[in-house]
Amino acid sequence: MGKQSEADFRGWVSTSRDGLRRTAFLLCGDWFLADDLVQEALSRVFVRWDRVAAGDDPTPYARRVVVNLYLDHRRRPSRRESPTEELPEIAVHDAPAVDGDRDRVIAALRAVPPGQRAVLVLRYWDDLSIEQTATLLGTSAGNVKSQASRGLDALRIALAGEAVPEERP
């Protein structure tokens, strides 16, 4: 990669990282994991930068990499922390108390199954169309519609404080 390509990549990262990080956070509900997902995504985009930058906008490609990394992380238990028999000596709290509607919605979003959450975040947070979301996730527009519908139902249930059913295939 030449110096100009590297400078172009750095410029793109400075304008796109925050949006990718917010998307990753809404997917996983954890700022630290979101940072890891974005960093890995940026590494993968950097390796393919000349090809990715040849298109109109590299952001959709990077967003797809973030979503795929998140879904892959959810599927592979070996990448997650494993339980131990002994409890830690210091109590660890999950998250601070939620304040206001924004925090309440984000907390409820964590209860939505991962595939549905990905569709909700891409459709309603990143404001992508059904077709753009389907392309990004590599699925059909009908699947995006049904996952969005089920995800909104699960989000409503979570906001009402009830248990959210498992994701249907």
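Here are legends for close-up views of a predicted model.

**View 1. How helix 1 and helix 4 cross.** Two packed helices are described by the angle between their axes and the distance between the axes. Here the pair is helix 1, running over residues 3–28, and helix 4, running over residues 59–75. Their axes come within 10 Å and cross at roughly 30°. Angles under 35 degrees count as roughly parallel, so helix 1 is roughly parallel to helix 4. As for handedness, the crossing of helix 1 and helix 4 is right-handed.

**View 2. Who touches whom between helix 1 and helix 4.** From helix 1, the contact takes in Trp12, Ser16, Leu20, Thr23, Ala24, Leu27 and Cys28. Facing them from helix 4 are Thr59, Ala62, Arg63, Val66, Val67 and Tyr70. Sort the residues of this contact by type and you get 9 nonpolar, 3 polar and 1 charged.

View 3. Rolling a probe the size of a water molecule over the atoms shows where empty space is left. In this structure there is 1 cavity of 30 Å³ or more. The largest cavity comes out at a volume of about 40 Å³.

**View 4. The residues around the largest cavity.** Its lining is made up of Arg22, Phe25, Leu26, Trp31, Arg102, Ile106 and Trp125. By type, the lining of the largest cavity splits into 5 nonpolar and 2 charged residues, with no polar ones.

Conventions. Residues are numbered from 1 along each chain as its sequence is written. This is a predicted model: local features need pLDDT of at least 70, side-chain atom pairs count only at pLDDT 80 or more; totals for chains, interfaces and linings use all residues. Side-chain values use heavy atoms; hydrogens and water are left out. Axes are lines fitted to C-alpha atoms, for helices over the stretch in contact, and angles run from 0 to 180 degrees between N-to-C directions. Helices (H or I, at least four residues) and strands (E, at least two) are DSSP runs, numbered from the N terminus. Angles under 35 degrees count as roughly parallel, over 145 as roughly antiparallel, 65 to 115 as roughly perpendicular and the rest as oblique. A crossing is left-handed if the near helix is turned anticlockwise from the far one by less than a right angle, and right-handed if clockwise. Contact means heavy atoms within 4.5 Å. Ala, Val, Leu, Ile, Met, Phe, Trp, Tyr, Cys and Pro count as nonpolar, Asp, Glu, Lys and Arg as charged, and the others, Gly among them, as polar. On a 1 Å grid over the protein atoms alone, a cavity is a set of points where a 1.4 Å probe fits but cannot get out, and a pocket is an open set with protein on both sides within 12 Å along at least five of seven lines; lining residues have an atom within 4 Å of a point. Grid points are joined across faces, edges and corners, and a volume is the space filled by probe spheres set on the points.
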